2 protein chains.
Amino acid sequence: MTEKTNTSRRRLSRPLVLQAAVALADEDGLEGFSMRRLAQELGVVPMALYKHVANKDELLDGMVDIVFGEIDSPSIDGDWRSAMRRRAISARAALKRHSWAIGLMEIRSPGPANLRNHNAVMGCLREGGFSFETAIHAYSVQDAYIYGFAQQEKTLGFQTPGDAGEAAQRRAQSIGAFDDYPYLAEIATKLPGSGYDNAVEFAWGLDLILDGLDRRRTPDGNPTVASSAADPAPTRPGRPALT
Amino acid sequence: MTEKTNTSRRRLSRPLVLQAAVALADEDGLEGFSMRRLAQELGVVPMALYKHVANKDELLDGMVDIVFGEIDSPSIDGDWRSAMRRRAISARAALKRHSWAIGLMEIRSPGPANLRNHNAVMGCLREGGFSFETAIHAYSVQDAYIYGFAQQEKTLGFQTPGDAGEAAQRRAQSIGAFDDYPYLAEIATKLPGSGYDNAVEFAWGLDLILDGLDRRRTPDGNPTVASSAADPAPTRPGRPALT
DNA sequence: GACTATAGGTGTACGCCGTACACTTGTCAA
DNA sequence: TTGACAAGTGTACGGCGTACACCTATAGTC
């Protein structure tokens with residue numbers, strides 16, 4: 001089970017390499033992930049990989065785009081709010097499945113799935129009645145929250161309600177910090193019984209943000225950045241008029 | 001200017017090592033940062049560092065806690081909202097100064113400055129009238145936003161309004177994606193003239209979140225998690241009663 | 001079926017990395 | 001002056017990404 005478990009025989013291909021790479025990172029995290037480990041997993045010598053990917057960075061780009069491909073692309077028609085909510089929740093799920101990707105989603109140079117998703121988000125907001133400026137803001141605040149939350153969730157590393165409090169308690173006690181930090185102590189003692197759940201936590205903040213966006217969506221909202229009069233969304237099917 | 005510019009002579013110390021490490025990471029980023037480079041910068045052989053830090057991980061812990069120390073700790077008395085706003089803005093500033101720390105703030109095991117800050121935030125919320133459950137939510141959504149925004153800002157890498165549009169344009173064009181992604185194209189063409197500013201952007205989302213928190217702060221707010229009746233904050237000066 | 005071009009797998013090697021372990025040396029208390 | 005001990009040194013090991021030259025198995029032609 002440790003050697004060449006995967007994929008019958010040699011004769012690699014780029015998709016096969018990418019897929020094996022994602023699987024390996026899912027298992028071992030990004031620290032355990034190396035070109036040499038991946039090659040071994042594929043039953044091949046390390047340098048063989050370089051016939052299919054330019055280098056490790058480019059490999060990571062491809063892996064990240066696979067994760068992007070697992071995120072719901074909102075449709076342009078329909079309720080912007082529920083579409084955004086669905087996308088955010090599916091993004092959190094994807095990042096939970098592939099938590100090695102969390103630091104990378106925004107760093108690697110964007111692949112096709114990334115571009116498609118981002119275009120769809122922006123389109124959904126524009127067609128949902130957001131001005132250009134406000135759509136940019138809305139985009140920014142949502143993505144910051146999604147990726148930031150995923151990062152936190154990865155760190156704290158508890159998923160079941162039971163674990164949550166234990167983790168907090170272990171942490172605080174290991175520092176011996178209860179006396180100096182009464183409010184942290186409150187967390188350590190109260191969280192265990194509170195039925196804390198990361199999915200609920202994520203939704204709470206997400207809905208707070210979506211509420212706020214809805215409230216700022218109206219065309220008479222505050223244009224915080226220089227903007228001209230009416231700004232219609234790009235013409236739908238093809239390429240918009242771009243001066 | 002490349003060799004032993006720093007700190008006159010040998011005779012290291014832990015704070016000196018940490019400080020030099022932060023400086024080096026500020027300059028070269030985390031990729032360029034290695035024990036060997038740091039030792040060289042200090043005019044010392046690599047193994048000398050290990051007399052003052054246990055290993056690279058522990059060194060990173062110390063570096064991160066220095067960054068935490070540069071973040072405003074909110075005071076417990078006074079307006080919770082302005083205190084939270086100040087903390088968030090100072091956190092963004094610190095992460096901008098030390099952008100290498102962005103992926104690390106939540107991963108490394110917490111140091112004293114970290115604990116102090118987190119305790120102060122929780123205290124500020126509790127004394128500001130948030131129920132325990134809501135304070136946890138408030139905490140989570142704020143930190144996710146702050147760290148997520150910092151991550152995005154680091155990636156996009158533009159700071160001056162001028163750069164912003166150029167970066168977007170360069171990005172989109174390098175992919176040749178204009179035709180397929182009209183809404184991304186809109187960003188690429190409109191952002192340059194819009195006076196985009198990361199500080200404004202950050203504040204927009206931050207205020208959206210703080211508005212939402214204020215709206216949910218009232219004691220009759222929705223206790224999403226199991227909670228008993230009245231839950232007073234921990235008694236102020238010393239350690240609260242913890243059953 | 002034999003021949004050959006070439007895509008794809010191999011072997012070796014280099015310079016980086018973190019750090020274990022045994023050593024020398026500089027400093028300060030007695 | 002001495003000697004203990006903290007601090008800096010030198011050497012070495014295994015792992016990393018990957019450059020470069022090499023071999024080989026397949027596929028298209030006759």
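The model is predicted, with local features requiring pLDDT of at least 70, side-chain atom pairs counted only at pLDDT 80 or more, and totals for chains, interfaces and linings using all residues. Residues are numbered from 1 along each chain as its sequence is written, and chains are lettered from A and ligands numbered from 1 in the order in which they are written.

When superposed by least squares on the C-alpha atoms of residues with pLDDT of at least 70 in both, chain A can be laid on chain B with an RMSD of 0.0 Å by a turn of 180° and a shift of 0.0 Å along the axis. This is the relation of a two-fold axis, and in chain A the C-alpha nearest to that axis belongs to Gly148(A), at 1.9 Å.

Around DNA strand C there are 16 residues, of which Met47(A), Ser34(B), Met35(B), Asn55(B) and Lys56(B) come nearest; a residue is near a strand if its C-beta atom, placed from the backbone, lies within 6 Å of it. Helix α2 (residues 35–41) of chain B provides the largest share of this surface, 3 residues, helices being DSSP runs of H or I with at least four residues, numbered from the N terminus.

Within chain B, Arg81(B), Met84(B), Arg85(B), Ala88(B) and Arg92(B) in α4(B) meet Phe202(B), Leu206(B), Leu210(B) and Asp214(B) in α9(B), where contact requires C-beta atoms, placed from the backbone, to lie within 7 Å.

Technical notes:
Helix = DSSP H or I, 4+ residues; strand = E, 2+ residues; numbered from the N terminus. Contact = placed C-beta atoms within 7 Å.
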